[in-house]
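Reader: I have a structure open and would like to go through parts of it. Can we start with a loop and then do the sheets?

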Amino acid sequence: MKHWQFFFALHVCLLCSAAMLLNAQPFPYENPSFSPEQRAEDLCSRLNLEEKAKLMLHRSPAIERLNVPAFEWWNEALHGVGRSGFATVFPITMGMAATFDDQLVYRVFTAVSDEARAKNTEARRKKEVRQYQGLSFYTPNINIFRDPRWGRGQETYGEDPFLTSQMGLAVVRGLQGEGQKYLKTLACAKHFAVHSGPEWNRHSFDVEQLPARDLWETYLPAFKVLVQQGHVKEVMCAYQRIDGEPCCGNTRFLQHILRDEWGFQGLVTSDCWAVADFWQKGHHEFSATKEDAVARAVVTGTDLECGSDYPAIPDAVAQGKLTEEQVDISLKRLLQARFELGDFDDDQLVAWTDIPMSVVCSAEHRELALQAARESMTLLKNDGILPLCSKQRIVVVGPNADNASMQWGNYNGFPTETITILDGIRSKSDQVSFLDGFEHVEKGMDEKQLLAEHYLSRISDADVVVFVGGISPRFEGEEMSVDAEGFKGGDRLSIELPKVQRDFLAALHAMGKPVVYVNCSGSAMGLVPEQANANAILQAWYPGEQGGRAVADVLFGDYNPSGKLPVTFYRSVDQLPDYEDYRMAGRTYRYFQGEPLYPFGFGLSYTTFKLGTPSYQNGKVKVDITNTGKQEGTEVVQVYLRDPRDTDGPIKTLRAYQRVNLQPGEQRTLTIDLPRERFELWDTATNTMRVRKGKYEIMVGTSSADSDLQRFSVKLP
């Protein structure tokens with residue numbers, strides 16, 4: 001070897017060694033000692049435009065040259081980890097709202113995030129992270145349930161802004177975790193904003209000329225609370241338009257309200273394929289091209305697309321419709337959230353990765369699912385037939401009696417066991433007969449012949465008939481095809497019980513048979529004839545994997561029901577405005593002037609309670625409550641507010657509640673927080689939400705019905 005060749009080889013070797021030493025030092029984005037903001041800034045600066053666009057999709061691929069792992073943004077945890085194999089299945093959220101127990105909801109979603117973290121850790125270690133195995137969850141749904149025809153109402157926490165806010169906060173706290181450097185998971189408040197059906201036209205529907213009061217006092221409060229108090233990390237924009245602009249391209253909502261006014265620092269994700277609605281024919285047709293749609297969404301603040309249009313971002317930039325700097329604003333938010341999760345860091349640094357797979361479907365979580373189901377049970381009528389006795393000859397019939405999948409609700413996981421309602425009843429008595437084959441809706445046979453030959457003739461010797469009916473997630477839900485009378489696109493056209501069930505209950509009543517009706521549904525039902533034809537009515541919702549145990553515990557008196565309705569049960573849709581009218585006039589207990597079948601906040605017990613005279617002082621409502629019955633029970637004391645100076649405001653609006661468990665004869669003085677900020681209402685003089693000085697009416701009681709409330713006035717300085 002010649003001298004120059006030797007020295008050249010030595011030089012190359014030294015350069016390679018230096019490069020290896022340099023590469024051993026992590027880039028700033030790889031260094032956990034830097035802040036998530038700094039790391040996001042650094043990584044963003046190293047990506048090219050095509051890579052940036054890919055990372056703004058819900059299925060974000062790995063960028064191998066920079067050691068960026070793949071990440072899945074679209075995951076579900078509505079009432080348990082959804083669509084990801086085995087998981088504990090809790091009652092639907094409407095059922096959880098009926099508990100009026102936000103501490104229970106917090107415990108439920110702490111368990112949910114435990115299972116989510118364990119599943120994700122296992123998937124990452126196997127290098128098999130797929131959709132529904134990530135750490136970003138598209139929940140909670142905090143839309144206001146304004147109309148019982150909406151099929152997705154089962155995903156919400158009911159019709160009241162305050163109850164929805166409190167439940168939503170509990171979900172966010174449980175999902176995102178507390179007390180650690182890293183976030184446990186990412187929660188997502190959806191669907192922003194003003195969204196509650198219809199399902200069949202959501203890709204073209206426009207909410208027009210909504211009164212400002214309805215927007216700020218009804219549709220927006222829960223989102224504001226979750227942003228400012230819950231520090232929720234994600235917000236999902238909805239499908240429809242508001243005043244002509246798609247929600248995922250709406251400057252007023254995504255920029256002026258969400259970020260400028262409320263100070264939201266997290267990320268906005270589109271609903272899935274909502275950006276495509278901007279330009280696709282037959283949908284909004286708001287944008288001329290895909291590139292126009294993508295540019296509009298990014299510029300207005302939709303940082304992440306659940307869908308497939310954002311690969312057009314480079315073309316939109318090339319066409320001058322979008323700048324790379326605008327893309328960077330969104331991308332940094334996404335990267336920061338991933339750094340906050342510890343997505344780029346070693347498991348040894350992220351305490352949440354220590355959660356073992358043994359928590360999934362654990363005995364502890366099953367017991368929690370049982371507790372949630374028990375607390376959700378809402379007794380609507382009881383003439384004394386309940387509790388049942390194990391010695392009675394009981395005939396069980398109905399389409400939901402032995403229906404496991406009904407109990408799972410929608411956006412569900414798959415439990416390792418499901419206790420059906422029939423299972424639960426059979427566990428209490430050996431005097432139980434079951435008549436199988438009853439359908440939710442008529443299937444073409446002659447109905448009267450079906451009832452007479454197959455069912456009515458076989459119950460003559462029954463002491464009591466337990467009919468388990470209602471509907472199921474097969475009939476109500478998100479944008480679905482249902483071929484049955486009274487249903488359309490996942491929504492309902494009528495809120496009455498399907499005719500075959502209604503006729504059967506009427507026939508039982510005509511026979512003189514004592515009937516207990518267990519209703520399973522995602523929301524309110526018009527049960528006017530059933531109120532007359534049944535001796536007892538139990539609203540069981542879609543009660544999750546342990547629902548059968550919970551129903552049976554209530555029917556046989558082993559658990560005293562305490563659920564309260566988070567929605568008004570109307571008599572029929574004839575009491576309601578047009579479904580496509582988003583104005584609140586005539587809707588929910590806050591504005592409904594008619595006589596409901598069952599009011600918001602209503603629910604019976606096997607014991608009785610008496611409230612003393614309430615008072616208010618220093619931001620607290622005080623009231624004595626006594627269990628005047630013969631068994632232990634739980635009551636939910638509710639505090640409502642009204643501004644008597646208001647001519648077009650709500651009749652009353654919930655502002656506080658407290659659960660209390662009492663032994664027979666026990667009396668307790670409750671102190672319920674009602675701070676000054678809870679008096680905030682819409683002020684027509686200033687067109688703002690604010691607390692005004694002056695006289696207010698406070699109502700304290702056990703439901704929203706006037707007959708269940710005690711009223712008194714206070715003067716707010």
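Reader: Leaving aside its neighbours within four places in sequence, which residues is Pro69 in contact with?
Author: Pro69 is in contact with Pro61, Ala62, Arg338, Asp343 and Phe344, its neighbours within four places in sequence left aside. Contact means heavy atoms within 4.5 Å. This is a predicted model, where local features need pLDDT of at least 70, side-chain atom pairs count only at pLDDT 80 or more, and totals for chains, interfaces and linings use all residues. Residues are numbered from 1 along each chain as its sequence is written, and side-chain values use heavy atoms, with hydrogens and water left out.

Reader: Where does Pro69 lie?
Author: In the loop between β1 (59-60) and β2 (71-72). Strands are DSSP runs of E with at least two residues, helices are runs of H or I with at least four, and both are numbered from the N terminus.

Reader: Is Pro69 buried, exposed or partly exposed?
Author: Pro69 is partly exposed, because its relative accessible area is 28%. Buried means under 20%, exposed over 50%, and partly exposed in between, using a 1.4 Å probe and protein chains only.

Reader: Sheets now. What is the order of the three strands in the open sheet?
Author: The order is β3-β5-β8, and the pairing is parallel. β3 (188-192) and β8 (267-270) are at the edges with a single partner strand each, so one side of each has no neighbour in the sheet. Two strands pair if DSSP finds at least two bridges between them.

Reader: How many bridges join β3 to β5?
Author: Three, with β5 covering residues 234-237. Ala189 has Val235 in β5 as its bridge partner.

Reader: Which strands does helix α9 lie across?
Author: Helix α9 (residues 251-261) lies across β3, β5 and β8, at about 155° to β8. Axes are lines fitted to C-alpha atoms, for helices over the stretch in contact, and angles run from 0 to 180 degrees between N-to-C directions. Helix α8 (residues 221-228) lies across β3 and β5, at about 150° to β3.

Reader: And the open sheet of six strands, what order does it have?
Author: β9-β16-β15-β12-β10-β11, with mixed pairing. The edge strands are β9 (378-382) and β11 (432-435); each has a single partner strand, so one side of each is left without a neighbour in the sheet.

Reader: In what sense do β10 and β11 pair?
Author: In the parallel sense, over four bridges, with β10 covering residues 394-397. Ser433 in β11 stands opposite Val395.
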